[in-house]
Amino acid sequence: MPRIAYNNHDAAAFEATRHIPDQGLAAWRDAVTRHLDPRPGTRLLDLGAGTGMWARAFTDWYDNIDVIAVEPSEAMRARCLHPQVLAGDAANIPLAGTSVDAAWLSTVIHHVPDLTAAAWELRRVLRPGGPVLIRSAFAGRHHGITLFRFFPEAIRVLNTYPSVDDVEAAFATAGFTTVSFEQVPQTTAPSLREVAANIRREAHTPLQLITDDEYATGLTRLHHAAQNESGPIIDALDLLVLR
């Protein structure tokens, strides 16, 4: 089972707080473009698409590409911004074999119960040589993410996520090898004050899985800092690319 099932309450919180404006994603656009090489007719699988922020971004960024969103949560699918969203998960992708040119997984790898099964399923649906682009916070790699500054207790949750080595080993069984690994910055919010005003525990798996007291303590830290700090919030997540 995934760590969080994303019921209606969770999905609403995710939709309200986890969508990043396009101008905050400039570095991600550059990184994706380097590895995807999108052309008219490119078919891109957005696996674990959530409420469709990335599917919408891809269709805005690139002309005449076909983005297919796949999402297991019915509540997430109901809120998806992308019109082409299918029910499915990493072990059961509802697409024909060799039918997509690339696959994108954003902050979803820690919800996948069987990474090896997912790797083989992606191998099945990808055309030969197609890349898998995995955007994630991996175990042991919290330093670029603002959330963990105020909720350090959540680092223990992050450290139960797959590591980069775990993902590489699982995907190697299906013949994938790593072609790139980099940190990519994003402007998550215009200010810490806005983060404090809008944070929703239900939208963040690591916050859901710490105790109520730990969450309350972290929230106090966040609100205190928001009174004294200014400037945009720049986070950096990892991009692992395999072929």
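Predicted model: local features only at pLDDT ≥ 70, side-chain atom pairs only at ≥ 80, totals over all residues.

A residue is called exposed when its relative accessible area is over 50%, buried when that value is under 20%, and partly exposed in between.

The side chain of R34 meets that of E182 in a salt bridge, with 2.7 Å from N to O. Because E182 belongs to strand β6 (residues 178-189) and R34 to helix α2 (residues 26-36), this pair ties together parts that are 148 residues apart in sequence. The structure holds twelve salt bridges, among them two further pairs that can be followed in the same way.

One of these joins R149 and E229, whose closest N and O atoms are 2.3 Å apart. This pair links distant parts of the chain, since R149 sits in helix α6 (residues 147-150) while E229 sits in the loop between α11 (212-226) and β7 (233-242), 80 residues apart. R149 is partly exposed at a relative accessible area of 46%, and E229 also counts as partly exposed, at 34%.

Another salt bridge is formed by the side chains of E214 and R156, at 2.7 Å from N to O. Here helix α11, which contains E214, is linked to helix α7 (residues 155-158), which contains R156, and the two residues are 58 apart in the chain. E214 is buried, with a relative accessible area of 18%, whereas R156 is partly exposed, with 42%.

Turning to the sheet, the reader can trace seven strands in the order β3-β2-β1-β4-β5-β7-β6, which make up an open sheet with mixed pairing. Strands β3 (85-87) and β6 stand at its edges with a single partner strand each, so one side of each is left without a neighbour in the sheet. From one strand to the next the twist averages 25°. Strand β6 pairs with β7 in the antiparallel sense over ten bridges, and T187 stands opposite I234 in β7.

Helix α5 (residues 115-125) lies across β1 (43-47), β4 (102-106) and β5 (132-136), and runs at about 160° to β1. In the model, the end C-alpha atoms of residues 45-133 lie 10 Å apart, and the span is 28% helix and 21% strand.

Conventions
Residues numbered from 1 in each chain as written. Heavy atoms only, no water. Salt bridge = Lys/Arg side-chain N within 4 Å of Asp/Glu carboxyl O. Helix = DSSP H or I, 4+ residues; strand = E, 2+ residues; numbered from the N terminus. Buried < 20%, exposed > 50% of the residue type's maximum accessible area, 1.4 Å probe, protein only. Pairing = 2+ DSSP bridges. Axes fitted to C-alpha atoms, helices over the stretch in contact; angles between N-to-C directions. Contact = heavy atoms within 4.5 Å.
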